[in-house]
Amino acid sequence: MLFDINAYLGAFALRELRHNDVAGLSAFMERKGIRRALVSAAEAITWKDCHSANRLLSERLAGTDGNIVPCAVINPGYAGWRRDLEEASCGMGMRAVKLYPHWHGYSLGDGCADEVVRAATDLGLPVLIPVRAVDRRQLGWLFDVPDVPLADIAALAGRHPDARFVVLNGLGFTGSPLAAPEGERPSNCWIEISRLPLFISRELPVLLEVLGASRLLFGTGMPFKYPDPVLLKMDKLGASRSETRAICGENAAELLGLA
Amino acid sequence: MRIDAHAHIEPPGRSELNGDPWGRDRLLIDAADALEIDWLCCSCLAPRRPSSPEDFIACNTHLQHAIEAFPGRILGYAYVNPGYQREAVAEIERCVREFGFIGAKLYNEYKFTDPAVRPVIEKCIELDVLILHHAGHTWWPLPGQPNISDAGDFAQVVAEYPELKLICGHIAGGGDWEWTIKALREEPRLLADTSGSVVDEGMIEKAVALMGADRLLFACDMSMTAGVGKILGADITEEQRDAIFSGNIRRLLGGRI
């Protein structure tokens, strides 16, 4: 059972997305053999009041079969975010919180990042941090948004040992604090695999060995990205059946309280 | 059949891994094996750029050794710095005539519109071989790449040299791919390779719709699953997929493969 931890619905400000309504994404998932997906609103990346996008996502998912699981996007630098978070979690049933620090005008070293992590953890929600929403080279003239440094994520995770973090769209973990030897790295981080090379630099197999399958999560970035490269990686990785089950679904279900 | 139109081998002195003199390049061959890529069209870039003639000659000789080390898997592009006009032209001639290379690889030493590049262009036309050009179009400066060329530059030159067989490198690794595809649409003689780490959904479909499948060449530029996966995942016909995977470059190579 494939559970995609990194999926989206809705419109993105900078380019056309396809398969981005509920019917389209569901059909796309079925074609690609993906059973469930944790989905946030693509609008929330650029809307100032990103909770409006959470509300829109919740409305879109009303009456659906539960295979598309909602994820809130919260901007802790914006007025009223605590109420938004509580509404997203308790009122809309959102199972995780996603942060876009550089799109939303703060850094993970700022106090507001600590506050939102504490609040999410109090609600039992994991915190997802996309290293990037889009390749920086592709951004248009309106934006220049740098990637979130892995060291910032590691430092945040170190300050909040009770919180659970998922790093999305990341690369270059080997040599970072997130893939340091056991005991030296934060023990509360999971890594989504969509950008990890399987071949040549072999970052994916190296992380599988260093961190273990329990810390890796299948994710595609659909419908921003083709899911097929990640599907190909899983097909060629050579992981055991139990490792594959963990990466492709069990870990996500457990993190989101859906096991 | 799958032919990767844009790949690289390691430069001289960097191929060895764990006692295997071609160990690092073997990682590329292993990836190609796993992903059913039959041929890799490779260049060997000098690590120090802009490169000197000594460096690019050494790189191309090293590439020829790699071709011999992995028989039946690698086709060569001669990497040159076109600023050294006499040496660059002579090197392309050597690589094509002596080694059977399929073309030249140009990086970012000069913008393609710079008159300094013309002798290289004219030599490639004379030899009837390809030019694969590093490319990108971004809305913010790329550090260290002040002379990077984009599809608009290529269109300008091809209008002047209609016989030129020019491949715009890595539409998926050179910034704003939508801009690039639209610029490529305007010059129907231009080709493009699909390599790069970017796997934005809809990219291949848009390229096929605006440019036509017969102008697109499958490639990875070392982003292996990204390269293969985006072609496998694209919502195009099997005929178009086959053309992109190998048919188009086979046509360009005149039946050599």
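Guide: Start with a definition: two strands pair if DSSP finds at least two bridges between them. The model shown here is predicted. In chain A, six strands form an open sheet in the order β4-β5-β6-β7-β8-β9, and the pairing is parallel.

Visitor: What makes β4 and β9 of chain A the edges?

Guide: β4 (72-73) and β9 (216-217) of chain A each have a single partner strand, so one side of each is left without a neighbour in the sheet.

Visitor: How do you know that β8(A) pairs with β9(A)?

Guide: The cut-off is at least two bridges. Strand β8 (residues 189-192) of chain A is joined to β9(A) by two bridges, therefore the two strands count as paired. They run parallel, and A:Glu192 stands opposite A:Leu217 in β9(A).

Visitor: Which strand is joined to β8(A) by three bridges?

Guide: That is strand β7 (residues 165-168) of chain A, which runs parallel to β8(A). A:Val167 has A:Ile191 in β8(A) as its bridge partner.

Visitor: Why are both faces of β8(A) called covered?

Guide: A residue is buried if 20 or more other C-beta atoms lie within 10 Å of its own. On one side of β8(A) are A:Cys189 and A:Ile191, on the other A:Trp190 and A:Glu192, and all of them are buried. Both faces are therefore covered.

Visitor: What makes strand β1 of chain A largely enclosed?

Guide: Seven of the seven residues of β1 (residues 3-9) of chain A are buried, so the strand is largely enclosed by the rest of the structure. β1(A) is also joined to strand β2 (residues 36-41) of chain A by five bridges, and the two run parallel. Within this pair, A:Phe3 stands opposite A:Arg36 in β2(A).

Visitor: Why does A:Val116 count as buried?

Guide: The cut-off is 20 or more C-beta neighbours. A:Val116 has 22 inside 10 Å, so this residue counts as buried. A:Val116 is found in helix α4 (residues 111-122) of chain A.

Visitor: Which residues is A:Val116 in contact with, leaving aside its neighbours within four places in sequence?

Guide: A:Val116 is in contact with A:Ile74, A:Pro76, A:Trp81 and A:Leu99. Contact here requires C-beta atoms within 7 Å.

Visitor: Now chain B. Why are α3(B) and α4(B) called roughly parallel?

Guide: Helix α3 (residues 85-99) and helix α4 (residues 118-127) of chain B pack at an angle of about 20°, with their axes 9 Å apart. Angles under 35 degrees count as roughly parallel, so α3(B) is roughly parallel to α4(B). Their crossing is right-handed.

Visitor: Which residues of α3(B) and α4(B) meet?

Guide: From α3(B) there are B:Gln85, B:Ala88, B:Val89, B:Ile92, B:Glu93 and B:Val96; from α4(B) there are B:Pro119, B:Val120, B:Lys123, B:Cys124 and B:Leu127. The residues of this contact divide into eight nonpolar, one polar and two charged.

Visitor: What makes α5(B) and α6(B) roughly parallel?

Guide: Helix α5 (residues 151-160) of chain B packs against α6(B) at an angle of about 10°, with the axes 8 Å apart. The limit is 35 degrees, so α5(B) and α6(B) are roughly parallel. α5(B) passes α6(B) in a right-handed crossing. B:Ala151, B:Gly152 and B:Ala155 in α5(B) meet B:Thr180, B:Ala183 and B:Leu184 in α6(B). By class, these residues are four nonpolar, two polar and no charged.

Visitor: How do you know that β5(B) and β6(B) pair?

Guide: Four bridges join strand β5 (residues 130-133) of chain B to β6(B), and pairing needs at least two, therefore the strands pair. They run parallel. B:His133 has B:Cys168 in β6(B) as its bridge partner. From strand β6 (residues 165-168) of chain B, B:Lys165 and B:Ile167 point one way and B:Leu166 and B:Cys168 the other way, and all are buried.

Visitor: How many residues of chain B are in contact with chain A, and which element gives the largest share?

Guide: 25 residues of chain B are in contact with 24 residues of chain A. On the side of chain B that touches chain A, the largest share, eight residues, comes from α8(B). The residues of that side divide into 14 nonpolar, six polar and five charged.

Key. Residues are numbered from 1 along each chain as its sequence is written. Chains are lettered from A and ligands numbered from 1 in the order in which they are written. This is a predicted model: local features need pLDDT of at least 70, side-chain atom pairs count only at pLDDT 80 or more; totals for chains, interfaces and linings use all residues. Axes are lines fitted to C-alpha atoms, for helices over the stretch in contact, and angles run from 0 to 180 degrees between N-to-C directions. Angles under 35 degrees count as roughly parallel, over 145 as roughly antiparallel, 65 to 115 as roughly perpendicular and the rest as oblique. A crossing is left-handed if the near helix is turned anticlockwise from the far one by less than a right angle, and right-handed if clockwise. Two residues are in contact if their C-beta atoms, placed from the backbone, lie within 7 Å. Ala, Val, Leu, Ile, Met, Phe, Trp, Tyr, Cys and Pro count as nonpolar, Asp, Glu, Lys and Arg as charged, and the others, Gly among them, as polar. A residue is buried if 20 or more other C-beta atoms lie within 10 Å of its own, exposed if 12 or fewer, and partly exposed in between; C-beta atoms are placed from the backbone.
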